Every structure is written in C-alpha cells, then in structure tokens.
Amino acid sequence: MAEPLRIALAGLGTVGAGVIRLLDANRDLITRRAGREIAIVAVSARDRTKDRGVDLTRFAWEDDMTAMAARGDVDVVVELVGGSDGPALTLARNAIRDGKALVTANKAMIAHHGLSLAKAAETAGVALKFEAAVAGGIPVIKGLREGTAANAIERVYGILNGTCNYILSTMEDTGRDFGDVLAEAQMLGYAEADPTFDIEGIDAAHKLSILAAIAFGAEVDFANVDTTGISALRAEDIAQAEALGYVIRLIGLAESQRDETGRQRLFQRVQPCLVPNGHPLAHVDGPTNAVVTEGNFSGRLLFQGAGAGDGPTASAVVADLIDIARGEIGAPFSVPGHELEKLEPAESGHRTGRCYIRFAVNDRPGVLAEITAAMRDAGVSIESLLQKGTPAEGGEVLVAIVTHEAPESAVKQALTLLEGSPSLTAPPLVMQLLAG
C-alpha cells in the first residue's frame, strides 16, 4: 500500500465537517478504491472553539489558513471557505505555487479565476479539481470531462440552483406568491439570509460558465452570461404556465454557435423558462439540480440529484481526492489551459423561439390594442393571449401572451415600442419556452 495522501482542509462548515464524517465512515472502502489512505493532517476555520460534531483534536490546527499550503506534510489542499477572492484565492494560489494539488467547492472562484488557476496547476504539474463546485453530489463535471469526451457537445443546460427550484416548485404546488415562499425557504435553510446570489441567478451563472468551459473547450466567461433571476415572478405566472401545459424553472443554457462569418461564438444565459410538462426537467422538484448535455453521438444525457448539502457535496470533494490518490490529474477544463479558446459572446437577437410575455397593465380601454399593435409592428405573431382577473375600473390586470416562433430581436423591438407607455404598471416579464 502506498503512503497516505495527506490533506489540509480549510473551512469547517457543513461541507467541511461532512468531508471529515465521510472519510471516517467509509475509510476502508475509500482506501481500497483510492489505493492508499486519505488522511487529514491539518484543518483551519474562523472559530477554533465551535462544536462541529466531529473530533478535531487529531488534526493540527492552523489559525492562518493560507499558511497550510507551505506545510511539508501536506499533499493536497481542500478549500471549502468560499468567495471569489480574498483568503480562498490566496490559499488556492499558494497551494499550487508550493506544489500542492487543490480541491475546491468554490464555484465563484473557479468562475472568476479558473483559467489562471488551471494554467498555474498545469505548469506546476499538480491537480486542480472542482467537481463539488457545480451541482453538489452530481458527477456532472466528470460526466462532461470524461464520460462524453468523445462527443462534440451541442448544448448543456439545466436547473443549477436548488434554492430557486424549491421556491418555484413550491409556488407551483401551493399557489403562494414569491415573497411568501422565499421567507419559508429561508426559515428552512434552503435560502440564505441574503438570497440575492441565488434568486437573481448569479449562483447559477457561476456554475453555467464552468460547465460551458468544459463542454466547449472555452475560456471561462462568467462576465458574458446573460442573467435574469426569479424575483419578478408572480403566482399568476405559475398558474398561467400550468394552464398552457408548462412549469417554470430557472434554466441555465450554453450553446456553441457559428455567426454569419462561420466564426464560433458562445451563448450563455440564465433565465426563468417555461418547460413543457413532457420534458425531463419539468419533473425536477424541490432543492434538486439537474443538468442535460446533448452530444453529437451520445444524444441527450440527464444528470440529476442533490445539488447541495453536506453529504452530497462532501461526496464530490472526496471523489476528487480519490482521483488524486490514484494519480489522475488531467486538464481541469478537459483540454490544457493554453488551448482553451477565447470565444466571443453570441448575440441573442438572431435566436428564434416561442416566448411568454406577461404585462401588468392598467385596466382601461385600448390596452390590448396597444400591445397587439406593438407586436404586429415588430413582426411578432401572437399564438395565444390570456388575461388574469377582472378588477374594479382603473385597477391592475395581468395580460400574458405566447408568441409563435419569432426572432428574439423582434420581441425586443416590440417591447421597445411599448417603453414608457402609461398603460404599463411594471416592466414586462419575458420567458422563453424551452424546446422539448
């Protein structure tokens, strides 16, 4: 049996404590599969006195986590602190510089600095692994990087944030409004006290940019993910979608496209979408994640499971450690960092599809005519129109339309024609209909 793989663990929150529990519970199994023992030798966290439900006395304690990378008795640094910059990034850079492999669950850091970290790791000849950064315990990164390695990936998309999915599926089941369900999600621990990163789609955008880089051999390009969250949704939108045979899910979607000159571009968008009831993603409920990949030979593949939590995320972290123990390094983003292409962002205007547009309007004569005239003038054909509620004169009503196939640029033009209209009481909400 080879010498143990020696680990320094930074961050002892739910995931960090979960890693310790997993290594303890499955020690013999993990050792057999890894070919050597995986042993934690040092840990670090903000509060040394906090009870985390695991025995920490057997490990060396480092008050300065960034110093763990310099320890001579450490082979791998595991970073579970979070944050795109600050101590987490310093630790990551120090670990690679000092010849240590790095395992992280930090999607924000990988989304912002993944390329530079990958190049540094490849130069140093050490592993950089981040399976736990996307979709918790679902092995979607390994699935993309290894399982579909022989395929040209046509697109990757899915439900990448469990908080949003819990809120949307609960609104769907109960008919309650967004704010009420968000408060419940916070009480149950599914949403943070400040839920902005989740409900505004930023967390999902971090994850999507990582998946897109792996799927298309591109540099990570978080800055160009077109991102819209779910905070503008109302219970009426959920009900309208159901009446049409859809559910609403926050979908991250990435595609490699060719422009009119034949140049490859990258399209990335996070947005609430109407998902047909017959689509696999329509049945993903609660705080669950699911990712769909479409390869030119593999066809459609669905990865589904728990997207967060101490057990699933710890499982992904330890899976990366087992790979490192076996000597499996590999390129973090499927191909060497210097070969990753810098793809220009694809414009959404030339994309065609059906969409749902919800207008909040004053209840007065001529409003529907104004909306339909704008659609007509922009060349957008209306497939169906629904009106919700019959308030007293002068009150607000919701009007929803579903378009026929149309360029997104035409829909945008129609909404531009309606800008500033006194008939509108709020900006229109636009959601694409996900193709089945």
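What volume does the second largest pocket have? In this predicted model, the second largest pocket has a volume of about 680 Å³. Its lining is made up of 28 residues, and those lying nearest the centre are Thr228, Gln271, Lys412, Leu415 and Val430. Strand 10 (264–276), strand 15 (355–362), helix 13 (408–418) and strand 19 (429–432) each contribute at least two residues to this lining, and helix 13 gives the most, with six residues. Sorted by class, the lining has nine nonpolar, ten polar and nine charged residues.

Turning to charged pairs, the count of salt bridges comes to 28. In one of them, the side chains of Glu255 and Arg351 meet at 2.7 Å, N to O. Because Glu255 lies in strand 9 (residues 246–258) while Arg351 lies in the loop between strand 13 (344–345) and strand 14 (352–353), the pair ties together parts that are 96 residues apart in sequence. Both Glu255 and Arg351 are buried, and salt bridges that share partners join them with Arg155, Glu255's network also including Arg269, Glu294, Arg300 and Glu408.

Glu62 and Arg71 form another salt bridge, with the closest N and O atoms 2.9 Å apart; Glu62 counts as buried at 17% relative accessibility, and Arg71 is buried at 18%. The salt bridge between Glu146 and Lys142 (3.6 Å, N to O) lies within helix 5 (residues 140–147), where the two residues are four apart and therefore separated by about one helical turn. Glu146 is partly exposed at 40% relative accessibility, as is Lys142 at 23%.

Leu188, found in helix 7 (residues 178–188), counts as partly exposed because its relative accessibility is 46%.

Technical notes:
Residues numbered from 1 in each chain as written. Predicted model: local features only at pLDDT ≥ 70, side-chain atom pairs only at ≥ 80, totals over all residues. Heavy atoms only, no water. 1 Å grid on protein atoms, 1.4 Å probe; cavity = no way out; pocket = protein on both sides within 12 Å on 5 of 7 lines; lining within 4 Å. Points joined across faces, edges and corners; volume = space filled by probe spheres on them. Nonpolar A, V, L, I, M, F, W, Y, C, P; charged D, E, K, R; others polar. Buried < 20%, exposed > 50% of the residue type's maximum accessible area, 1.4 Å probe, protein only. Salt bridge = Lys/Arg side-chain N within 4 Å of Asp/Glu carboxyl O.
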